[in-house]
Amino acid sequence: MKPAVRTGSYYMTGDVACAEGAIAAGCLFFGAYPITPATEVAEHMAERLPDVGGTFIQMEDEIAAIASILGAAWTGVKSMTATSGPGFSLMMENLGLGVCTETPCVIINVQRTGPSTGLPTQTGQGDMMQARWGSHGDYELIALAPSSPQDCFYHTILAFNLSEKYRVPVLVMADEIVGHMSEKVVIPDAKEIKLESRPKPKGRKDRFKLYEPGPNGVAPMPSIGEGYNVHVTGLTHDERGYPAMDTEEQENMLARIKGKIRNNLDDIIHTEEYMMDDADIVIVSYGISTRTGLTAVDEARKLGYKVGLFRLITVWPFPEQKIHEIASRVKGLITIEINLGQVHYEVERCAHGQAETHLVGSAGGKIIHPDKVVSLIKEVFQP
Amino acid sequence: MTKNPKPLGKNPVGHPLDDLIRTERIPHIWCSGCGIGTVFSSCLSAIKATEIPYNEFTMVSGIGCSARAAGYIKVDSFHTTHGRAIPFASGIKMAKPDLNVIVFSGDGDLFAIGGNHFIHAARRNMDMTVICVNNLIYGMTGGQVAATTPANAKTTTTPFGNPDAPFNLPLLAYASGASYVARWTILHVRDLTNAINEAIRHRGFSFIEVLAPCPINYGRRNKEKPLDTLKLYRENTIIKNGADPAIADVDFDRGVILGTFINRDRSTCDDMYEATCRRNSED
Ligand SMILES: Cc1ncc(C[n+]2csc(CCOP(=O)(O)OP(=O)(O)O)c2C)c(N)n1
């Protein structure tokens, strides 16, 4: 067996960095179906997983891929899949099963432009709302957005940590540019990587309840074969995990599924700030569009504008409080994203009329040029 | 008038399969006259007969009346999404190959919405036992046409009779690569139990089709009383081990073939992964 953490400094693509991040996080099962621009994640996992005693399987479609990683997760291993738009759509029903059965797993979506087959080889950020609520029913999950190959490495580890800690599927919403670009990626020593694993049950097996929440709202999770005789169902269930066809249990279940996320926002929401101290215009951005934003900040500052950038690493759950608070002290918020307005409307909702909100969007296919942002700033704000 | 049985005393005599049942979940949802319960108890008897510790088993099902079995068996059990039991089970098997994985589901679940997964798991010889309760209909949703409904049969979505032809499941399983293929009816409980036992111990993709009545949704619409169905199972079936699956269509006029069609050795998916990928990656 070879080491899971390939400590060193590399020149690698975001897709490969996602795969290396997964393996460093202890992922031992990967099931997927090839799709541009996520295929390289699968190719790298196919090569690397046997090295570390893990299993790679190319399933017959994306529905099977996500079903396989959910099944694998219940054997106690960390599991992952990777896909893009059309495959992400196919995964939606079983994503809901993962949420409902509180199954930890990681799904990488290297976004391309849609709708439908769209521009298969070109970037997009049009799946953000689908990431939020693409499966039917009401729920919470976690979605992260890397903006570089180095992020891909760390955010995939973060995704595993959050998914294990909160027993929830975590989405890594990369995009074609981040996935395909090669940049320097530093992989640290294994001992510098902090890993979380799912809470395990203690105490009497016959009294065990599969969904009885622990202190942070998350229930301990046994694995198949440990003697807990769990029943896992996508039907509305009680704390034992048994189907319970009534509205009261539905309320309890949703309260737990949503509560474990909503009551731990400080731990789950990761953001970064750039030049925010004196800023009165704030760019809100995530993923590849963060890089548009960073350049736009520098350019606009040269023109005398006090611009800062607020970057969402965690896009879902949305940093509502933080946006609300920023909006209360600035003139305007500008969202940059490669779609025609998705996260922008969330920013608008949370700004709640306290500051102007603007969108610099695009129909997709390429990164947004910083000039577009600077022009907007010049058009609507005074330095 | 029939008399109700005497109420049981304080310590009712247990059922021999109670140790494999979530008794707190009884009564089950199955209608009287339904065949699923018989298949389920055959499955539990077979598990018991293997003498393999229960915690080395797991049951995975999709959605449907048959799929509810996973909610009654007392081993780690998974009631997943419609059609997706097999890929969910494949993930379990490949991540932990020493488990005995049983997929228990309906014909609609396994062969309409889940048909693609079935053929691929069979092709890979994924080491699992797939038990299909074939009631010729979608039971749970109230009697719509299935991929197994006989031509001309009436269902709620074929009010003038089924214009399509049904699958021959043993042939489909065989052609896809299954290494164990059998068919029984719920009238052949002992054969069925032995077959499930054999299938569990068989290394590779094992498929057992079980013909089971759905008097409410199939029988009622096709002038088949519950007893008529059982008579067909007794009188219009031919037990023939080793029969050619190509002639295994469900046609009660010609006689429906029962027995073990296929029992062959083929490397399993997990063996092949070990031999092909893990060993080569060490170089
Ligand atoms: C994606 C999806 N489509 C449709 C359904 C509705 N549905 C539930 S069970 C079922 C058919 C079940 O038939 P079968 O698998 O033959 O099982 P039976 O109830 O007869 O045992 C259908 C169509 C569903 N649950 N999910």
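**Notebook: the chain A and chain B interface**

Helices (H or I, at least four residues) and strands (E, at least two) are DSSP runs numbered from the N terminus.

A note on the source: this is a predicted model, where local features need pLDDT of at least 70, side-chain atom pairs count only at pLDDT 80 or more, and totals for chains, interfaces and linings use all residues. Residues are numbered from 1 along each chain as its sequence is written, chains are lettered from A in the order written, and side-chain values use heavy atoms, without hydrogens and water.

I then looked up the extent of the contact (heavy atoms within 4.5 Å). Chain A gives 42 residues and chain B gives 37 residues. The buried area is about 3,300 Å², with 57% from carbon and sulfur atoms. That area is the accessible area (1.4 Å probe) lost on putting two parts together, summed over both. In chain A, the most area is lost by A:Glu60, A:Ile224 and A:Asn229, together 19% of what that side buries.

Next I checked charges. I found one salt bridge between the chains. A:Glu60 forms a salt bridge with B:Arg124, with the closest N and O atoms 3.0 Å apart. The rule wants a side-chain nitrogen of Lys or Arg within 4 Å of a carboxyl oxygen of Asp or Glu.

Last, I asked which element of chain A gives the most to the side that touches chain B. Helix 3 does, with seven residues.
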